[in-house]
Amino acid sequence: MTSIFVLSATLASVIALLVVTLIHPQVVKFAKKRNIVDNPDARKLQRNPVPVMGGVAVFFGIISGFAVATFLINVAALLPIFVALSVMLCVGVIDDMSELSPRLRFVIEIAMSLMLVFWSGVSLNNFHGLWGIGAVPLWLSLPLTVVAVVGIINAINLVDGVDGLSSGYCISASVAFSIIFYHAECAPMLLMCGLSIGALLPFFFHNVFGCKSKMFIGDGGSLMMGVIMSSYVLYTIDSGGCCEQLAERGIGLVPFTLAVMCVPVFDTVRVMVMRILRHTSPFHPDKTHLHHLFIELGFSHVGTTACVLLMNVLVVLLWWVSYKLGASVDIQFYVVMASGLLLTAGFYKFMRMNIARNTALYQFARRVGAKTHLENNRSWSVLQKIADYKHK
């Protein structure tokens, strides 16, 4: 990849970071003035109303960086993604202000995913050797793509439960995909990764450390980031796309994408299956996600975020080790599936049993969780003052 593409992605990332940093205070003030806030209730974890327009700040950061990049490189390939994330941002903001029905949002997500597929021309149309399967016909790839895109969007939306988790996950996922896109010399998607990282970093900082400056990313932001995460997956797996050469080196593209998306997707599937088995709607909110378990174990929001992200990183590392050891695409896939299920459904069930029996392991987990509460730490206070500096 030529240096101009790397420099463009880096510059766009810096622009996105600066723009979000500058407009964040104004967005917080606007949200509070218009009462666009998330109010606490029995299911939610915050104690006070919190503005929910973080996605708008992130969006403006991404758009600003993108505008600068248009003067340096050809970014036409990203236009379908930007239209799709703009649509989902609007849908999410409307949902934050006046709740939309899950059915209507679901229909919009399907329509948006179809638009993204037909406009961009990318889809899940190749298994790249997994189970000996290569190219997939349109009649199969189209519904598979729609299910994957809608599933990823909702998985990112549902993982947004504690401070820093959804933004921290999307940052780490963007880093992982940026490595793949760099080696595949896929300049547009490398730029998309840079924009996402740059725009999310200042939001993550305020979301975790801010008091007066705290803002949730909201449904608008989580749905928007879900579009970006799903676009990473589509551009990685698409037949004849920029990552095709990586598949020829033995890299399992399907196992890799599944590893990066592991915890949000696997945990969402687990939660929805359990809801269906209890004869409730799979979209009915409850407190059975993985992050709720860590909170119940006494972990702080930061501790919970760190644990969940480390679990996802561990799955990616296990995939990478299997690849480096020369494992076939099939074996790479089974490693990801086994580790992913073990660290989500298996871990959740195991800890639930220990909680019910009040075992020594449960008590140990409680002691570890208590140590993650750093709110009274001096360093934490300094970071909070920095985060709240412009929010008098």
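# A tour of rings and a cavity

Begin by selecting Arg 270 and Tyr 348, where the charged end of Arg 270 sits over the ring of Tyr 348 at 3.8 Å from its centre (a charge sits over a ring if NZ of Lys or CZ of Arg is within 6 Å of the ring centre and within 35 degrees of the ring normal). This is a predicted model, in which local features need pLDDT of at least 70 and side-chain atom pairs count only at pLDDT 80 or more, while totals for chains, interfaces and linings use all residues. Residues are numbered from 1 along each chain as its sequence is written, and side-chain values use heavy atoms, with hydrogens and water left out.

Next, turn to the aromatic rings. The whole structure holds 15 aromatic pairs, where rings of Phe, Tyr and Trp (its six-membered ring) pair if their centres lie within 6.5 Å, and planes under 30 degrees apart count as stacked, over 60 as edge-to-face and the rest as tilted. Select Phe 177 and Tyr 232, a tilted pair with 5.1 Å centre to centre and 40° between the planes. This pair links distant parts of the chain, since Phe 177 belongs to helix H6 (residues 165-183) and Tyr 232 to helix H8 (residues 218-237), 55 residues apart; helices here are DSSP runs (H or I, at least four residues), numbered from the N terminus.

Phe 256 lies in helix H10 (residues 253-260), 79 residues from Phe 177. Phe 177 has a relative accessible area of 0% and is therefore buried, buried meaning under 20% relative accessible area (1.4 Å probe, protein chains only), and Phe 256 is buried too, at 3%.

A search of the whole structure finds one cavity of 30 Å³ or more, a cavity being a set of points, on a 1 Å grid over the protein atoms alone, where a 1.4 Å probe fits but cannot get out, with lining residues having an atom within 4 Å of a point. About 60 Å³ of space lies in the largest cavity, the volume being the space filled by probe spheres set on the points, which are joined across faces, edges and corners. Its lining includes Ala 155, Leu 165, Asp 267, His 289 and Val 308, and H11 gives the largest share of that lining, four residues.

Terms used
1 Å grid on protein atoms, 1.4 Å probe; cavity = no way out; pocket = protein on both sides within 12 Å on 5 of 7 lines; lining within 4 Å. Helix = DSSP H or I, 4+ residues; strand = E, 2+ residues; numbered from the N terminus. Buried < 20%, exposed > 50% of the residue type's maximum accessible area, 1.4 Å probe, protein only.
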